[in-house]
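Work through the exercises below with the structure in view. Try each task before reading its solution.

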Amino acid sequence: MSAIKALVLDRDGTLIEHVPYLHKPEEVRVLPGVREALATARAAGVKLFLHTNQSGVGRGLFTVADAEACTARMVELLDLGPDLFARICTAPEHPKDPAVYRKPSPRFAREIMAEFGLQPQEICYIGDRGSDVETGHAAGTRAVGVATGLDDLAAELREAGLGQYPIFPSFREAVDHVLSWSE
């Protein structure tokens, strides 16, 4: 298997606790093991990217600046430096609007492939929702799920015909598995 050179990560329910329509930085809580897993991935030379759907913006519940402030707070709490992510994509679209960056749109994945000279098999999407895995599938990249969110991810993937993607009980276990592809 080809070595993984990049991880594209979901935010809510994957790296931080899921809070419906999170827009207050003081409510950001990093999930257990996330900091260590990100540090391990970076030490292995893997580039990290963040791709987060923020439909609360499209619904008029908060602003892009509010969403970005929560991401900034997460980066601060992780304490791995301000350059933790090579690029961050905040998708503000309402679910009923045409998707530009809203997952499962592969647009962000295609942009980072072009910008960073990455091949699809060198990238892995990791997230707690079917849309995260569907994005990896749509972009032709690898993908794994984490059962750290609120939904039944296995059921979501079966319904979408994507039951072949692995699901791990924690972010740390998902990252360890993905990094093992490089060994």
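**Exercise 1: a salt bridge across the chain**

Glu122 has a relative accessibility of 11%, so it counts as buried. The model is a predicted one.

Task: find which side chain meets that of Glu122 in a salt bridge, and state which parts the pair ties together.

Solution. Step one: the partner is Lys5, with N to O at 3.1 Å. Glu122 lies in the loop between α4 and β4, and Lys5 in the segment before β1, so the pair ties together parts that are 117 residues apart in sequence. Lys5 has a relative accessible area of 41%, which makes it partly exposed.

**Exercise 2: a salt bridge in a network**

Task: identify the salt-bridge partner of Arg87 and the network to which Arg87 belongs.

Solution. Step one: the side chain of Arg87 meets that of Glu111, at 3.0 Å from N to O. Step two: Arg87 is in strand β3 (residues 87–91) and Glu111 in helix α4, so the pair links distant parts of the chain, 24 residues apart. Step three: Arg87 is partly exposed, at 25% relative accessibility. Step four: a network of salt bridges links Arg87, Arg107, Glu111 and Glu115.

**Exercise 3: the buried side of α7**

Task: list the buried residues of helix α7 (residues 171–180), and explain how they are arranged around the axis.

Solution. Step one: the buried residues are Phe171, Ala174, Val175, Val178 and Leu179. Step two: these residues cover an arc of only 130° around the axis, so they lie on the same side of α7. Step three: recall the general rule. An α-helix has 3.6 residues a turn, so residues three or four places apart point the same way. Step four: the cover over the buried residues of α7 includes β1 (6–9), α1 (34–43), β4 (123–127), β5 (142–146) and β6 (167–168).

**Exercise 4: an enclosed helix**

Task: decide how far α5 is enclosed by the rest of the structure.

Solution. Step one: seven of the 10 residues of α5 are buried, so this helix is largely enclosed. Step two: the buried residues are Gly130, Ser131, Asp132, Val133, Thr135, Gly136 and Ala139. Step three: among the elements that cover them are β2, α4 (107–116) and α6 (153–159).

**Exercise 5: the largest pocket**

Task: describe the volume and lining of the largest pocket.

Solution. Step one: the volume is about 530 Å³. Step two: of its 25 lining residues, His18, Asn53, Ser55, Arg102 and Arg129 are the closest to the centre. Step three: the lining divides into seven nonpolar, seven polar and 11 charged residues.

How values were computed
Residues numbered from 1 in each chain as written. Predicted model: local features only at pLDDT ≥ 70, side-chain atom pairs only at ≥ 80, totals over all residues. Heavy atoms only, no water. 1 Å grid on protein atoms, 1.4 Å probe; cavity = no way out; pocket = protein on both sides within 12 Å on 5 of 7 lines; lining within 4 Å. Points joined across faces, edges and corners; volume = space filled by probe spheres on them. Nonpolar A, V, L, I, M, F, W, Y, C, P; charged D, E, K, R; others polar. Buried < 20%, exposed > 50% of the residue type's maximum accessible area, 1.4 Å probe, protein only. Helix = DSSP H or I, 4+ residues; strand = E, 2+ residues; numbered from the N terminus. Arc of directions from axis to C-beta. Contact = heavy atoms within 4.5 Å. Salt bridge = Lys/Arg side-chain N within 4 Å of Asp/Glu carboxyl O.
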